[in-house]
Amino acid sequence: MRKWLAVFLSLSLGVLVLAGCGSNAGKNDDGKVQLELFSNKSENVETYKEMIREFEKQNPDIKIKLTSPPEAETVIKARLTKNDLPDLMAIGGNATYGELARAGVLKDFSEEAVLDGIQPAYTKMIGQLAGDEVEGVYGIPYATNANTVIYNKEKFEKLGVDIPKTWDEFVEILEKADAAGETPIYFTLKDSWTAMIPWNSLAANTAGEDFAEKKNEDKTSFKKAYGPVADKMLQLLEYGHNDNFGVGYGDGNNAFAKGKSVMYLQGNWAIPEIKKANPDLQLGVFALPVTNDPEKNKLVSGVDVLLAMKADIQHPEEAMKWIEFMLDHENAQGYIDEQAAFSALEDVFQEEPTMEGIKVHFETGRITSFPDHYYPPGMQADNLIQDFLIKKDKEAFLNKMDQEWNKVINR
């Protein structure tokens, strides 16, 4: 992998130098500088469009072209190999970011004032994704997210239950909902990535935050550490609907919005989509209580959007203007309000009442990161987990996870 990156970087730097020779490079026929903004999220397209309109109004000589394709992470990796990296990126703080940072194709912001006011915990988080061998800060944490249990408040009231604080209390609600003829949880496992929501919550709270480090040192394995995670995944599946593997994310948002289930295991990013489908729905959120010790149950949170810039961008000053615009307090507040997100900026807060159930985790620091962000890229854990939930063979599944991990890191 590293040899491949070295060859790629050598070629790409040469091409970029040639590409940047023209004085009108990166400009439209009307003389305006055009920058491409690549986003990996479909949920915030309209929010970006509005922000772009305002930015272009304030900066009439700069044009922002928004690109937000399906399967965005696959697209960005393909573009990396074709020397076609976008000028600006608004991507997740995950393994793909770590790959880009290690590839040396992103601008280092470590000496830039734009990092002032960013919560250090999230800067540290993306640093861990890049790895200890990488010096510098190659992304600016912007919006953060959380794995949640989204619940229908009206149905909770009818069932006579409160937000659970322990795993046993959570299961009691599932049982009560089932007995009342309700669908306790609406799964959308046609899209394999949706299995990662409960998986990450369970793994983060039971398998240990240092699992990836120990696994790479051959001090643990999925077989040793993930048995309880697999068991609880199968237990949760029992409380789904009749077509758990036939419904995708978008249809699941609509189904929950229409009252098809009591709870929905999704990130906070789904809330705007649910509210679009049913603005009158009374919903709340809480962290999945994974253990029976409330003090040990942490909320899984990560960098949902980080801002990055390609290292050899032709118009760095104009690109920096866009980043500074995004980081402006009013604009950052507007983003998290509209996206029901949390901010990585120290002075921007999420005050939406819907989020009351998880605010305490942010306030008390009971937060942990997404375990799968530290799995080797290319392992395709979501597909393996989807297959496990269909076949329900725990031993074979855990062995397969260990095999795939080892296979990827030994390439």
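The crossing of helices H3 and H4 is left-handed; this term applies where the near helix is turned anticlockwise from the far one by less than a right angle, and right-handed where clockwise. The model is predicted: local features need pLDDT of at least 70, side-chain atom pairs count only at pLDDT 80 or more, and totals for chains, interfaces and linings use all residues. Residues are numbered from 1 along each chain as its sequence is written, and side-chain values use heavy atoms, with hydrogens and water left out.

H3 spans residues 72-81 and H4 spans residues 95-103. Helices (H or I, at least four residues) are DSSP runs, numbered from the N terminus. The two pack at an angle of about 15°, and their axes are 11 Å apart. Axes are lines fitted to C-alpha atoms, for helices over the stretch in contact, and angles run from 0 to 180 degrees between N-to-C directions. H3 is therefore roughly parallel to H4, a label for angles under 35 degrees. On the H3 side, the contact (heavy atoms within 4.5 Å) is made by Glu73, Ile76, Lys77 and Leu80. H4 contributes Thr96, Glu99 and Leu100. By class, this contact has 3 nonpolar, 1 polar and 3 charged residues. Ala, Val, Leu, Ile, Met, Phe, Trp, Tyr, Cys and Pro count as nonpolar, Asp, Glu, Lys and Arg as charged, and the others, Gly among them, as polar.

Side chains of opposite charge can pair when their charged atoms come close. The structure holds 21 salt bridges, each a side-chain nitrogen of Lys or Arg within 4 Å of a carboxyl oxygen of Asp or Glu. One of them joins aspartate 231 and lysine 394 at 3.0 Å, N to O. Aspartate 231 lies in helix H11 (residues 227-237) and lysine 394 in helix H18 (residues 394-409), so the pair ties together parts that are 163 residues apart in sequence. Aspartate 231 is partly exposed at 39% relative accessible area, and lysine 394 is partly exposed at 28%. Buried means under 20% relative accessible area, exposed over 50%, and partly exposed in between (1.4 Å probe, protein chains only).

Lysine 276 and glutamate 273 form another salt bridge, at 3.2 Å, N to O. These residues are 3 apart in helix H13 (residues 271-277), which separates them by about one helical turn. Lysine 276 is exposed, at 55%; glutamate 273 is partly exposed, at 23%. Elsewhere, salt bridges that share partners join Glu36, Arg79 and Asp84 into one network.

Notes:
Angles under 35 degrees count as roughly parallel, over 145 as roughly antiparallel, 65 to 115 as roughly perpendicular and the rest as oblique.
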